[in-house]
Amino acid sequence: MRSHLWRSPAVRALLIQCAALPACALVVAILSFMHVDLALGFLALLQGGIAAALCWWRKLAPWWLAIELLFAPALLAGTGLHLPPWIFLAGFIMLLLVYWSTFRTQVPYFPSGKRAWDAVAELLPPGRPLYVIDIGSGLGGLVLDLARRRPESTFAGIELAPLPWLVSRLRAALVGNNVRFAHGDYEQLDLGDYDVVFAYLSPAAMDALWRKASAEMRPGSLLLSYEFGIGAEPPDLAIMPTGRGPPLYGWHF
């Protein structure tokens, strides 16, 4: 568990930001010796630039470069607003409830939308009841939509973040659909229980999903992934949802 935590990109990004501090202090000391005074805004950009360079050197994902670069300037700008401390606490709690263990899973909240739901509905095998699971079901939109279209089938979702999971449970209770929303990690599931598995995760999570699906999904089942493919495994099908949007990939087992 500890080794997995140390390998997580969020922890590495935090360590990089900390490592940039002494480098930034060294540059400031050299410039001070040369009688060069620096504004706070420039110091924040210097800290961010060093952190971004270290992030690039350590080969973190491209979006971490922007986060590293803008972290110190954003922190400086936030302190200048003179906001009461409870606002920062409330914001932190809200982000924690929505994103929860994104630092570990590397899967942020990605809403799929109506185009993706239509595309998934078209690919569901017709003529028989199905058991379908949405991995990372968020607010439950896909599960509730498909349950209305295919009332003879059973649809379920699993979500790790507490707030989206709670919202999905409330939505299901209000509409009275026969759907299930579980709170937890999909690693706890046996994917062999399902006819169709849908996922909208992130590139960082796809290899692990494929390993689990390959080990557990039974012959005749279907794995669907919205937007993100699996590098080593070309999909058996790829369709573009109606209108603009990412593709939907599928693998037959």
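Visitor: How many residues does helix 4 have, and how far does it reach from its first C-alpha to its last?
Guide: Helix 4, residues 62-80, has 19 residues and reaches 28 Å from its first C-alpha to its last, which is close to the 27 Å expected at 1.5 Å a residue. That expected span is 1.5 Å times one less than the number of residues, and helices here are DSSP runs of H or I with at least four residues, strands being runs of E with at least two, numbered from the N terminus.

Visitor: What kind of model is this, and how are residues numbered?
Guide: This is a predicted model, in which local features need pLDDT of at least 70 and side-chain atom pairs count only at pLDDT 80 or more, while totals for chains, interfaces and linings use all residues. Residues are numbered from 1 along each chain as its sequence is written, and side-chain values use heavy atoms, with hydrogens and water left out.

Visitor: Back to helix 4, where does it bend?
Guide: Helix 4 bends by about 40° at phenylalanine 71, and proline 73 follows within four residues; the bend at a residue is the angle between axes fitted to the seven residues ending there and the seven starting there. Just after helix 4, histidine 82 takes a positive phi of about 55°.

Visitor: And which residues of helix 4 are buried?
Guide: They are Trp64, Glu68, Ala72 and Gly78, where buried means under 20% relative accessible area, exposed means over 50%, and partly exposed lies in between, using a 1.4 Å probe and protein chains only.

Visitor: Stepping back, how many helices and strands are in the chain, and what percentage of its residues count as buried?
Guide: The chain has ten helices and seven strands, and 37% of its 253 residues count as buried. Among contacts between residues at least 6 apart in sequence, 64% join residues at least 24 apart, a contact being heavy atoms within 4.5 Å.

Visitor: Which residues touch the most other members in the largest nonpolar core?
Guide: In that core of 45 residues, Leu209 and Leu223 touch the most other members; a nonpolar core is a set of buried Ala, Val, Leu, Ile, Met, Phe, Trp, Tyr and Cys residues joined through side-chain atoms within 4.5 Å. Helix 8, residues 141-149, supplies the largest share of this core, five residues. Apart from this core lies another, of ten residues, among them Ala13, Ile16, Cys24 and Trp64.

Visitor: What does leucine 223 touch?
Guide: Not counting residues up to four places away in sequence, leucine 223 touches Val197, Leu209, Trp210, Ala213, Met217, Ile230, Tyr249, Gly250, Trp251 and Phe253.

Visitor: Changing topic, how many salt bridges are in the whole structure?
Guide: A search finds eight, a salt bridge being a side-chain nitrogen of Lys or Arg within 4 Å of a carboxyl oxygen of Asp or Glu. One of them pairs arginine 149 with aspartate 145, the closest N and O atoms being 2.7 Å apart; both residues lie in helix 8, four residues apart, about one turn of the helix.

Visitor: Is aspartate 145 buried or exposed?
Guide: Aspartate 145 counts as buried, because its relative accessibility is 7%, whereas arginine 149 is partly exposed at 36%.

Visitor: What about lysine 212, which residue does it meet in a salt bridge?
Guide: The side chain of lysine 212 meets that of glutamate 216, at 2.9 Å from N to O, and both residues lie in helix 10, residues 206-216, four residues apart. Lysine 212 counts as buried at 7% relative accessibility, while glutamate 216, at 26%, counts as partly exposed. Elsewhere, salt bridges that share partners join Lys114, Asp118, Asp145, Arg148 and Arg149 into one network.

Visitor: Where is serine 221 found?
Guide: Serine 221 is in the loop between helix 10 and strand 5, residues 222-226, and it is buried, with a relative accessible area of 1%. A polar atom of its side chain lies 2.6 Å from the backbone oxygen of arginine 218. Not counting residues up to four places away in sequence, serine 221 touches Tyr194, Asp195, Trp251, His252 and Phe253.

Visitor: Last one, is glycine 231 buried or exposed?
Guide: Glycine 231 counts as exposed, because its relative accessibility is 79%, and its place is in the loop between strand 5 and strand 6, residues 237-239. The C-alpha atoms of glycine 231 and aspartate 207, 24 residues apart along the chain, are separated by 7.8 Å.

Note on methods
Polar contact = N/O pair within 3.5 Å; in protein donor to acceptor, adjacent residues only side chain to side chain.
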